[in-house]
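Let's take a friendly walk through one protein model, a stop at a time. Keep the 3D view open and look for each residue as it comes up.

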Amino acid sequence: MSAASIESIDLIDFVVNQGNGVKGLSKLGLETIPQNYIQPPEERLDKNQIVHQESIPIIDVSNWDDPKVVFSISEAAAKWGFFQIINHGIPLEVLENVMEAAHKFFELPSEEKRKYLKENSPTPNVQLKTSFSLAEKVLEWKDFLMHFYFPDDDSVNLWPSVSKDQVLEYVKCTKPVIKKLLQVLLKGLNVKEFDETKESQLMGALIVDLMHYPMCPNPELAAGVGRHADISSITILLQDDVGGLYVRGTKADQWIHVTPVKGALVINIGDMLQIVSNDRYKSIEHRVIVDRSRDRVSVPIFVNPANDAVVGPFQELLDGGEKPVYKGVMFSDYFNFFFSKGPEGKKTLEYAKV
Ligand SMILES: O=C(O)CCC(=O)C(=O)O
Ligand SMILES: [Fe+2]
């Protein structure tokens, strides 16, 4: 199909309904991306906005109980909202296998992938998606397979067989790391107890995505993921060596590249942790720029509150005399509000403000 004729086909039908995804577009060998994927100039990342002198911290967590680790993590969460961890104990093989599984899933024929579109999927707990939301004016250059993970849920047996075992193994190995991270982050707030209510508020549900960003003939015009902040409590992100994840820096309109580090996990603070910490920890905007010559994969785990958990600033902080910046919000309401619109940077948090 030529570049001219892509504009004449029904793009949404080709990309979404037929299950070709952006991957299918990428494989057409277009010289120019379709108009729907061209970001307005203000949403393109200008090279001059990238700061090379700064980087997010890389923290060695081989000893979680070391006070220096607690200090570095809580400082990074307050200042950057992002950090990378190394020596977390998850075998490299498990990380490499899940990234390879992401490639394998998206290399499946479109007839196979189409089985996991929301309306076809054998379970609502696994869904093939593309742009953030089709309500957006400009579409994102990515496809992803979203898994809602609940412990002891039989529907995992219905996940795609090319990637199921690898995703499950990755989640199993990551869970203890998630718990440690949250314990350390709470310690940094002087909140000592990580009881059942807090566990449900902070890690009641997990979403694991296999993200696939196909190579793109005009990376400077497109976005893999537009500017947004995550609504999770924390997000654990595994990325390959292609690069392209940028985080908003401490000065306005500066962006910092999250340099891929083999075996590391990128951790970011989401809105829920900003809320419970009453603004101590920051949920920072980030975005993904795609690559001209390589497909990129990443595997985020969004560590979310249980759907019915009500999340507000920790009582321990308010007892200490702080004025609440946020009211209590039911996570499912926050989630639905977020997905009812485009990413729109940091606007979602306003929804929970007192
Ligand atoms: O793929 C990445 O590096 C980041 C993806 C992301 O920010 C998201 O899905 O929320
Ligand atoms: Fe994100």
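We begin in a loop: N278 sits between helix 9 and strand 11. Please remember that this is a predicted model. The phi angle of N278 is near 55°, a positive value in a residue other than glycine. Is N278 buried, exposed or partly exposed? It counts as partly exposed, because 19 C-beta neighbours lie inside 10 Å, while a buried residue needs 20 or more.

D152 also has a phi near 55°, positive although the residue is not glycine. This residue lies in the loop between strand 4 and helix 7. D152 has 5 C-beta neighbours inside 10 Å and so counts as exposed.

Now turn to P313, which is found in the loop between strand 13 (310–311) and helix 10 (315–319). P313 is buried, since 23 other C-beta atoms lie within 10 Å. Leaving aside residues up to four places away in sequence, P313 touches I275, V276, N278, L318, P324, V325 and Y326. That list brings back N278, the residue of our first stop. By contrast, K142 is 171 residues from P313 along the chain, and their C-alpha atoms are separated by 35 Å.

| Residue | C-beta neighbours within 10 Å | Class |
|---|---|---|
| N278 | 19 | partly exposed |
| D152 | 5 | exposed |

Helix 5 covers residues 92–107, 16 residues in total. From its first C-alpha to its last it reaches 23 Å, close to the 22 Å expected at 1.5 Å a residue. Its buried residues are L95, V98, M99, A101, A102, F105 and F106. On the face turned away from the buried side, helix 5 carries the exposed residues L92 and E93. The partners that the buried residues pack against include helix 3 (21–27), strand 4 (143–149), helix 7 (164–187) and strand 5 (205–213). Strand 7 and strand 12 are also among them.

Helix 8 (residues 196–203) has Q201, L202 and M203 as its buried residues. They cover an arc of only 155° around the axis, so they are on the same side of helix 8. E196 and T197 are exposed on the other side. Among the elements covering the buried residues of helix 8 are helix 7, helix 9 (271–276), strand 12 and strand 13.

Apart from residues up to four places away in sequence, V299 touches V98, M99, A102, Y170, V208, D209, L210, M211 and L238.

Our last stop is ligand 1. Which residues are around it? They are M211, V225, D230, L237, Q239, L245, H286, V288, S298 and P300. This shell divides into 6 nonpolar, 3 polar and 1 charged. Strand 7 (234–239), strand 11 (286–288) and strand 12 (296–304) each supply at least two of its residues.

Methods. Residues are numbered from 1 along each chain as its sequence is written. Chains are lettered from A and ligands numbered from 1 in the order in which they are written. This is a predicted model: local features need pLDDT of at least 70, side-chain atom pairs count only at pLDDT 80 or more; totals for chains, interfaces and linings use all residues. A residue is near a molecule or strand if its C-beta atom, placed from the backbone, lies within 6 Å of it. Helices (H or I, at least four residues) and strands (E, at least two) are DSSP runs, numbered from the N terminus. Ala, Val, Leu, Ile, Met, Phe, Trp, Tyr, Cys and Pro count as nonpolar, Asp, Glu, Lys and Arg as charged, and the others, Gly among them, as polar. The expected span of a helix is 1.5 Å times one less than its number of residues. A residue is buried if 20 or more other C-beta atoms lie within 10 Å of its own, exposed if 12 or fewer, and partly exposed in between; C-beta atoms are placed from the backbone. Two residues are in contact if their C-beta atoms, placed from the backbone, lie within 7 Å. The arc is that of the directions from the helix axis to the C-beta atoms.
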